[in-house]
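Trainee: I am new to this structure, and I would like to go through the terms used for it one by one.
Mentor: Then let us begin with the structure itself in view.

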Amino acid sequence: MPRGTVWNEEEDVVLCKAYLKASKDSRAEQKSYFVRVYEEFKQVLPNTTRSMPAVEQRWKKIRSKTQKFSDCVEKAKTFGTYDSEDDLHHVALLLYNGDVHTPDQARAALNDELTVRGQFECLAAYRT
């Protein structure tokens with residue numbers, strides 16, 4: 001059986017969002033869970049040539065990574081509060097990549113990131 005085209009980042013993001021949306025779907029067991037995921041995927045990418053088995057297989061490949069990131073988000077929440085969801089996700093990504101391991105390391109890395117962001121915002125404001 002010939003292999004299909006390589007999955008791109010947009011498709012992966014759409015698949016993850018479809019999975020999340022289907023998980024919040026209250027239509028319990030009216031349709032199989034993955035049928036709902038596939039319908040959500042097709043709603044965003046109606047011209048896709050991906051079959052339901054191909055989408056399901058791709059989900060199986062990326063599921064462990066998304067679960068690991070989800071676990072990192074939960075761990076980052078135990079480090080304290082954040083000014084935004086972006087900050088929370090930034091710390092979770094640092095945990096995911098193994099760049100930080102403790103709350104103090106996470107705070108320091110986030111402060112560095114916020115300092116850099118602030119410098120870029122000032123520069124952008126200056127240029128306008």
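The talk below sets computed values beside the definitions behind them.

Mentor: Please keep in mind that this is a predicted model, in which local features need pLDDT of at least 70 and side-chain atom pairs count only at pLDDT 80 or more, while totals for chains, interfaces and linings use all residues. Residues are numbered from 1 along each chain as its sequence is written, and side-chain values use heavy atoms, with hydrogens and water left out.

Trainee: Why is Glu 40 called buried?
Mentor: Buried means under 20% relative accessible area, exposed over 50%, and partly exposed in between (1.4 Å probe, protein chains only). Glu 40 has a relative accessible area of 14%, and therefore counts as buried. This residue belongs to helix H2, and, leaving aside neighbours within four places in sequence, Glu 40 is in contact (heavy atoms within 4.5 Å) with Ala 18 and Lys 21. Over the 128 residues of the protein chain, 27% count as buried.

Trainee: Why is Lys 77 called partly exposed?
Mentor: The relative accessibility of Lys 77 is 44%, so this residue counts as partly exposed. Lys 77 sits in helix H3 and touches Tyr 82 and Leu 88, not counting residues up to four places away in sequence.

Trainee: What makes a group of residues a nonpolar core, and which members touch the most others in the largest one?
Mentor: A nonpolar core is a set of buried Ala, Val, Leu, Ile, Met, Phe, Trp, Tyr and Cys residues joined through side-chain atoms within 4.5 Å. The largest has 14 residues, of which Trp 7, Leu 15, Phe 34, Val 37, Phe 41, Val 55 and Trp 59 touch the most other members. H1, helix H2 (33-44) and H3 each give two or more residues to this core, and the largest share, five residues, comes from H1. A second, separate core of 12 residues includes Cys 72, Ala 76, Ala 92 and Leu 94.

Trainee: How do you know that there is a pocket, and how much space lies in the largest one?
Mentor: On a 1 Å grid over the protein atoms alone, a pocket is an open set of points where a 1.4 Å probe fits, with protein on both sides within 12 Å along at least five of seven lines, and lining residues have an atom within 4 Å of a point. The largest pocket holds about 790 Å³ of space, a volume being the space filled by probe spheres set on the points, which are joined across faces, edges and corners. Its lining has 23 residues, with Cys 16, Leu 20, Thr 66, Phe 69 and Ser 70 nearest the centre. The largest share of that lining, 11 residues, comes from H3.
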